[in-house]
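Please consult the sequence and structure shown here.

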Amino acid sequence: MDIKTASQTPPTPKTVYLKDYQAPAYWIDQVSLEFDLSASNTTVTSHLMLRRNPEIATLNTPLRLDGNDLTLRSVAIDGKSLATSRYQMDAERLVITDVPATFTLTTVVTIKPDENTALEGLYHSGKMLCTQCEAEGFRRITYFIDRPDVMSRYRVTLRADKSQYPILLSNGNLIEQGELADGRHYACWDDPSLKPCYLFALVAGDLQFVEDHFITMSGRRVTLRLYTEVENIHKCAHAMRSLKQAMAWDEKTYGREYDLDIFMIVAVNDFNMGAMENKGLNIFNSACVLARPETATDDDYYSIQSIVGHEYFHNWSGNRVTCRDWFQLSLKEGFTVFRDQEFSSDMNSRGVKRIDDVNVLRNAQFAEDSSPMAHPVRPDRYMEISNFYTVTVYNKGAEVVRMLRNLVGAEGFRRGTDLYFKRHDGQAVTTEEFVRAMEAANNKDFTPFRRWYDQAGTPLLQVRGDYDPVLRQYRLQLQQSCPSTPNQAEKLPFHIPVTLGLIAPNGDELPLRLQGEASAGTKTRVLEINAAKHEFVFEDIPAKPVPSLLRGFSAPVKLAISRGEDELAFLLAHDSDAFNRWDAGQLLAQQELLRQIAAYQRAEPMPEPVTLTDALRQVLRDQSIDKMLLSQILTLPAEGYLADQMPVVDVDAIFQARLFTRRYLARHLQPEFDRLYLSNHRQATYEFNSATMAERALKNVCLGYLLETEQPLLQERAYKQYQLATNMTDRQAALSGLCQFDINQRQHALTDFYQRFQHDPLVVDKWFGLQARSRLANTFERVKELMTHPAFSLKNPNKVRSLITSFCAGNPLRFHRQDGAGYAFLTEQILVLDKLNPQIASRLAKIMSRWRRYDPQRQILLRNNLERIAAVEGLSKDVYEVVSKSLTG
C-alpha cells in the first residue's frame, strides 16, 4: 500500500546561480540499488550510506533528497521505518528531519517506465528498458542527492523476467548472476569507481551483442561488447572498430588507459541526445552507432567514429574527473569535444575537420552568442540545466581548450593534462582546476585567459596592416571588442592567440622576425593579444605581404579586415593553411552574395559573380589540391551564416542570391564539374577512408551544381546514380539533388527509397529530412502530410529532428513564409511536445529566439507565437526559460 505520493503540481521556475554554490550537507559513500524491473511498474529499493558534512551541516540540518514522479512505499533509517511525521514531500523533494551523523537510509519507490515519455530516468524503448540520468534524471529513479559533486560507490542488483529481459546490464563489473523463481533471473554489478549519480546506467532487454577485446598498454585484456536488437546486429562493425581506435589513440596521445574489465555500448532507438558516457556502460542513440554502407552515409560513418571516441574519452575527462556542479559542464564537455576533434583529425583529414568544426561555430555558436540565450562557456545562472547543453558549452568550450593548447604548445598541453588527471582523479572539480594545472605545468599566468570562461559573446578583432618599403617593415595593428550580451554589458579584453603567416607577392611564405628579435623564426607563429590594442612590427619583409590571419582558426573570434577580391583570390590560390585557403573562398563568395542580396532588395538585376567564378576555375585546375578540401571550397556559405552578416535578415533575398550564384557557377563551370564528376564516379566496394570519402564528396558536390543547369540528361544522370548506387552516400546525394526539382524522377526516387528502407527507422529518418529541406513551394504542405505518416511519431526524438527540426531550422525559405503559418506550426508542436518531452520542446523553441533579427512583419508573427507559448499554464521549466528569455532578452 502506498504511504505517500508527492504532488505533481510543477513549481514556479526559479533561477539557480553559480555564486550560491555550497557543498552538500550530506555525503553518500555507498549506494546499493535493487530493481524489480517491469515496463509498467518497476520497484526500486535504495540503501544509501550517508554521513553529515560538518563543514556545512549542523545537528538540526534536515536531509533533502531530490525526486520526481516517484511513488514512495516506505522509508527507513538504520532499518527502522519512519513515521510520516518525520518527513515531508512535494513535487521535487523528500525532506527528512532529525537524522544522525552517519546512517543508512532505505527507501522503496515505484516508477512507471512505459509512461516516461520525457526519456529521463528509467524508460521503455522498443523491447528494452534503459536509463538516461544526465543531468538530473536519476531523481526520476529514486530519492537521492542528485548533484555531480556527490560521488559514491555503487552496487546494483537487477531482477526481471528472463524471457522478456534476458540481458541485464549496469555499470562496472558483473560479479554475480543466477536464476529466480517464476521464470525470473538476476544480475549483480559492482562499480569500484567513485561516480556521481548522473553516470548511473542500467539496460534490460532482449539483445544480442558483438564482442571484441583490447589489450591495454599495461597488458590488461579488456572485453568490448556492443549490444543491439537482433535486426541491427550486422551494423556494429564500424562502431567497434572506432572504439578500438579511440582506446589506442587515448593511450598514445594522453597516456590514458581504460580501468574496468569490460566496456559496453548499447544502441537505443529513443534517446534525447547523441550518446551518454555512463561509466563502463555507454548508451547510444542508435543513429550514432549503427552503420552499414547500404544504410549509412560517409557523414554517418564520420560522426559515429567521432561520437564513439567522444564518449570513450569521457572515461577520464568527465568520469574519473568530473564537474563539481553543472555550471562547470564545459570542464568535461569542452575538453572532451576538443579531444574527439583531435582524434577525428588524426584519423582523417585534419584541415577538413577543422573546417567542419568552424562551420558549427560560425553557423550555430556565433548565432547563439548574439541571441537572448547567450551565455558564457561557464554559465553563471540557469533555470533548467538541460537548456545549457549548447554549442557554447560544447564547441566554444572546445575552442577555449584549443587556445590553451596553442598558447603552451603540444608538449606543454600534455604536461598540463597529465598534472590535471594526477591531481584530480576521483574528484569533482571546476574549470579553475583545469586552468591551474596548465599554469603549474608550464609556469604561465592565465589570469586574463579565464575571461573566456566567464564572458559571453563573440569578440571582434579589427586588423590593419601597413607596409613601409624603405624600412622593410610590416606593421600589424589589432584591436579587440566584444558586444554586450544578457547580464553582461561591459567586457574586459580577452587573451587571444592569433596564429599567422605572411605571404609574399609570388606566393612564398616569409620567415617571421618581430622587432627586437635577433633572428627570424618559423613562417607561422602565434601572437598573443591580451589588451584592447596591440601592435606588432615585422622586420626584413622584402615586399608588401598578404597576411594570413587566424590560421587553423586559432581563436573563436570574428575578423574585421579590409580585403579586396584580388587579395582573397590570391589567398585562395596560395595560402598553405588549408583552413585559411577555404576561408578566403568563403569570404570571396560572401562578398559576391551580399552584393547580389542588396541588388535583389532594390529590385535590380543581380551582378554576375565573375571574380568568384574565375577564382574557383583556377582552384578546379589545381591537380594537387585535396579533393575533400576542394569539395568544401566549392560549397557556398550557408543561408544562416549569410543571415548573420545582415542587419535585418531577408530570407527571400538570401535564397535568391544563393540560387542565382549556384546556377551561374553551374553554367560557367559545367565542363569542369562534368570532368570531376566522371573522374570520381566509381562503382566500387564501399570503403570508409579519407581518399574514397573525398572522391564521393567531390563527385556529389559537382552533381549538385550540374543539376542546377536543369538539363534533362543531367537529371537522368542523377536518377541513374540513385538507382545504381552501391552505398547510401551516393544514393542520398542523388535523391537530395532530385528533391529540389519538381520532376518525375524525384517522385519515383522518393517512392522507391521508402519502399526499399521502410523497415529501417534510421533510413526512414533520412527520407523525412530530405523532403523537409526541399526548396519546392509545396514543402510545408508535404511536411504536414508527413506528420500523419505511420512511420512518424512525436514520441521519438529522432523522428522529431528529422522532420520538424529539418524543416523549421534547416529550410529558412519555407519555414519563414510571410503568412506566419510556419511559426504557428512550430508553436503547435512545441506545446504538444512540452507535455511529452520538455527537452525536445525547448530545443525547438530556440528556433524562434532570435525573432528580432527579422523584418517588422515577421517580428510580430514570431513574437505573437512566443507569447502564445508563454501564456500556457503548467509550462515546463525547459520551455519557460527559453521563451521568457527570448521575449525579454
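The count comes to four cavities of 30 Å³ or more in this predicted model.

**Largest cavity**
- The volume of the largest cavity is about 110 Å³.
- Its lining consists of Asn680, Arg682, Ala684, Thr685, Tyr686, Glu687, Thr692, Glu695, Arg696, Lys699, Asn727 and Asp730.
- Helix α15 (residues 690-707) supplies the largest share of this lining, four residues.
- By class, the lining of the largest cavity comprises six charged, four polar and two nonpolar residues.

**Second largest cavity**
- The second largest cavity holds about 50 Å³ of space.
- Among the residues lining the second largest cavity are Gly585, Gln586, Ala589, Leu612, Leu616 and Tyr705.
- At least two lining residues come from each of α9 (578-601) and α10 (610-620), and α9 gives the largest share, three residues.
- Eight residues of this lining are nonpolar and three are polar, with no charged residue.

**Helix α18**
- Helix α18 (residues 744-757) has 14 residues and spans 20 Å from its first C-alpha to its last, close to the 20 Å expected at 1.5 Å a residue.
- Gln745, Arg746, Ala749, Leu750, Phe753, Tyr754 and Phe757 are buried in α18.
- Viewed down the axis of α18, these buried residues fall within an arc of 160 degrees, so they line one face of the helix.
- The exposed residues Asn744 and Gln755 sit on the face of α18 turned away from its buried side.
- Cover for the buried residues of α18 includes α16 (712-724), α17 (728-738) and α19 (761-772).

Terms used:
Residues are numbered from 1 along each chain as its sequence is written. This is a predicted model: local features need pLDDT of at least 70, side-chain atom pairs count only at pLDDT 80 or more; totals for chains, interfaces and linings use all residues. Side-chain values use heavy atoms; hydrogens and water are left out. The expected span of a helix is 1.5 Å times one less than its number of residues. Buried means under 20% relative accessible area, exposed over 50%, partly exposed in between (1.4 Å probe, protein chains only). The arc is that of the directions from the helix axis to the C-beta atoms. Contact means heavy atoms within 4.5 Å. On a 1 Å grid over the protein atoms alone, a cavity is a set of points where a 1.4 Å probe fits but cannot get out, and a pocket is an open set with protein on both sides within 12 Å along at least five of seven lines; lining residues have an atom within 4 Å of a point. Grid points are joined across faces, edges and corners, and a volume is the space filled by probe spheres set on the points. Ala, Val, Leu, Ile, Met, Phe, Trp, Tyr, Cys and Pro count as nonpolar, Asp, Glu, Lys and Arg as charged, and the others, Gly among them, as polar.
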